[in-house]
Amino acid sequence: MTTEMVRADNVHKSFGSLEVLKGIDLVVGSGQVCCVLGPSGSGKSTFLRCINHLEKINAGRIFVDGDLVGYRERGGKLHELGERDVAKQRQSIGMVFQRFNLFPHMTVLDNVMEAPCRVKREPKAEVRDRALAMLERVGLGAKVGNYPGQLSGGQQQRVAIARALAMRPKLMLFDEPTSALDPELVGEVLDVMKGLAQDGMTMVVVTHEIGFAREVGDNLIFMDGGVVVEQGAPRDVIGNPQHERTRAFLSKVL
Amino acid sequence: MSDNTTTERARPEAIKAVPVRHPGRWVALGVIAILTAMFVHLLVTNDRFRWSFIFLEYQDGKRGVMFTEPVLEGLRGTILLTVSSMAIGIGLGIVIAIMRLSSNRILSSVAFVYTWFFRAVPRLVLAVLFGNLNILWERIGFGLPFGTQIGKLFGLDGFDGQFYSIKASDLIAGFVAGMLALGLSEAAYMAEIVRAGIQSIDPGQAEAAVALGMSRGQVLRRIVLPQAMRVIVPPTGNEIIAMVKDTSLVAFVPVTFELWFQLQQVSARTFVVLPVIVAALIWYLILCTVLMVAQYFVERHFSKGYGAADKARQRLRDIQVEQGGRITRTGEGT
């Protein structure tokens with residue numbers, strides 16, 4: 001029995017006069033992996049950033065685990081959430097960025113320990129044990145004392161995944177996690193993500209890795225021009241695209 | 001394959017070539033050597049420097065002018081003034097920089113007006129102004145704003161709404177006036193330095209921190225400022241060193257508790273001019289040298305994660321990323 005982890009209802013987002021999202025609907029069940037495909041500028045990264053309220057949406061609703069993201073609805077009126085409440089919501093949503101965004105002035109271990117210690121104020125010894133276990137899991141047990149600048153891109157991205165997992169999120173967002181990597185380093189990051197999916201983590205993954213989407217994804221959506229053009233099981237969408245736009249895109253990336 | 005071929009072939013003889021000659025360098029070296037010799041000769045043989053006046057005894061039974069009690073007192077004053085006005089400058093500067101970067105229009109314009117005013121007014125004029133500020137008010141204290149006017153409104157004549165006040169000439173005079181003039185002016189410059197530092201940090205850093213659930217204050221304290229320090233420290237070192245020297249301006253407040261003023265007093269008493277100036281010069285040299293050494297260690301502290309070798313590697317990687325996402329593999333294969 002899957003429950004809804006993410007629900008987006010008719011989401012609109014504009015930057016000034018430029019409308020980037022023009023009514024996105026999406027449901028991601030608990031424990032499912034949803035892959036988002038689309039050409040650059042199609043709004044897929046923006047949509048992902050809306051899910052943890054890094055971008056404010058202009059219309060529609062986004063729910064994560066039943067909670068409205070960024071707002072509170074009371075008496076038919078929307079109230080913007082304060083900084084503290086938004087931060088609270090984000091604690092249970094992990095995010096991994098294209099450019100890793102590790103904190104370069106902290107060691108790998110400190111990167112992972114920072115948020116559980118400072119945000120959740122968990123006991124340091126406990127966090128340390130958990131962080132070491134996380135880093136071991138992503139295959140970086142030997143690099144805990146290094147600074148991010150001393151690691152390869154693939155290693156940095158795996159640290160970034162461990163950093164997000166250390167907050168014990170119920171949902172993980174991946175924003176083109178392998179796009180800034182050397183081709184030979186992509187595999188190690190995808191392997192970690194596959195492991196996560198097998199363990200039942202709910203994931204929304206913006207990616208260009210068609211193979212990953214086909215193998216790991218439960219659901220695939222193809223976006224273009226701020227709308228969802230096509231969605232369904234990855235095998236069907238990739239193997240037998242219904243729309244001209246999807247076919248054109250897939251013929252270029254496959 | 002290629003490895004095999006290189007090991008089979010004999011390694012050619014190492015290159016031994018006659019290096020390019022640089023006659024210009026030798027000429028320059030000669031000129032510099034002669035000038036240095038002339039300078040040292042001047043220092044040693046010209047007895048108008050009166051080195052014993054500076055170092056040993058400037059009057060019968062007294063120490064050299066550098067080490068006499070009033071001058072040492074002035075030195076303490078200069079150090080204290082530098083430290084306190086820089087503390088005001090850095091603290092207030094950070095606040096103003098954050099205000100300047102705020103999305104609130106009013107806060108950012110207030111910060112802009114502040115930096116505009118204090119950067120436009122010369123420090124010397126500011127020092128004199130602060131020395132005379134007590135002309136404006138007789139007493140300064142805490143209380144209701146517009147207390148007297150409110151009192152009149154309700155027909156209370158003696159009412160001024162003050163809880164606590166002291167005489168203005170006691171509060172803003174001498175040392176405090178000098179400290180405020182230098183500190184407030186410094187805050188304007190520090191604000192610009194801090195702003196540049198904060199803006200130099202990749203917005204992705206703050207984004208990643210916020211996505212982890214950190215508050216805005218935590219992001220600033222834990223993530224942005226520590227990284228911005230690498231950009232902030234070198235110009236701040238400049239500012240501190242400039243401040244050591246600018247403390248001599250407060251002689252016009254007037255503040256007597258200061259190195260240059262005290263040395264001038266000696267000059268006025270003894271009618272000895274040049275050696276006194278040289279003594280001041282030596283003290284300023286010593287103070288600034290200490291500061292430069294301190295700066296070296298502070299810079300080293302804040303460049304954690306950016307070691308010299310790392311830095312080169314990082315730059316290489318950045319260039320490669322910009323040129324199409326190639327990232328050098330380091331450490332793993334070795």
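Buried means under 20% relative accessible area, exposed means over 50%, and partly exposed lies in between, using a 1.4 Å probe and protein chains only. By that rule A:Arg121 counts as exposed, at 65% relative accessibility.

This is a predicted model, in which local features need pLDDT of at least 70 and side-chain atom pairs count only at pLDDT 80 or more, while totals for chains, interfaces and linings use all residues. Residues are numbered from 1 along each chain as its sequence is written, chains are lettered from A and ligands numbered from 1 in the order in which they are written, and side-chain values use heavy atoms, leaving out hydrogens and water.

**Some residues of chain A**

Let us stay with A:Arg121 for a moment. A:Arg121 is found in the loop between α3 and α4 (124–137) of chain A; helices (H or I, at least four residues) and strands (E, at least two) are DSSP runs, numbered from the N terminus. Although A:Arg121 is not a glycine, its phi is positive, at about 55°. A:Arg168, in the loop between α5 and β9 (171–175) of chain A, is not a glycine either and has a positive phi of about 50°.

A:Pro116 lies in helix α3 (residues 108–118) of chain A. With a relative accessible area of 0%, A:Pro116 is buried. Beyond residues up to four places away in sequence, A:Pro116 touches A:Arg121, A:Glu122, A:Val127, A:Arg130, A:Ala166 and A:Met167; contact here means heavy atoms within 4.5 Å. From A:Pro116 to A:Pro148 there are 32 residues in sequence and 19 Å in space, C-alpha to C-alpha.

A:Asn101 sits in the loop between β8 (93–96) and α3 of chain A, and at 7% relative accessibility A:Asn101 counts as buried. Leaving out residues up to four places away in sequence, A:Asn101 touches A:Arg163 as well as B:Asp202, B:Gly204, B:Gln205 and B:Ala208.

**Two helix pairs**

Axes are lines fitted to C-alpha atoms, for helices over the stretch in contact, and angles run from 0 to 180 degrees between N-to-C directions.

| Helix pair | Angle | Axis separation |
|---|---|---|
| α5 (residues 153–165) and α6 (residues 183–198) of chain A | roughly 20° | within 8 Å |
| α5 (residues 105–120) and α9 (residues 174–199) of chain B | about 120° | 8 Å |

α5(A) is therefore roughly parallel to α6(A), and α5(B) and α9(B) are oblique to each other. Angles under 35 degrees count as roughly parallel, over 145 as roughly antiparallel, 65 to 115 as roughly perpendicular and the rest as oblique.

In chain A, the contact includes A:Ile161 and A:Leu165 of α5(A) and A:Val189, A:Val192 and A:Leu196 of α6(A). By class, the contact of α5(A) with α6(A) has seven nonpolar, four polar and two charged residues. Here Ala, Val, Leu, Ile, Met, Phe, Trp, Tyr, Cys and Pro count as nonpolar, Asp, Glu, Lys and Arg as charged, and the others, Gly among them, as polar.

In chain B, among the residues in contact are B:Tyr114 and B:Phe118 of α5(B), and B:Leu184, B:Ala188 and B:Tyr189 of α9(B). The contact of α5(B) with α9(B) has seven nonpolar, two polar and two charged residues.

**Chain B as a whole**

Chain B has 14 helices and two strands. Of its 334 residues, 35% are buried. Among the contacts in chain B with a separation of 6 or more, 70% involve residues 24 or more positions apart.
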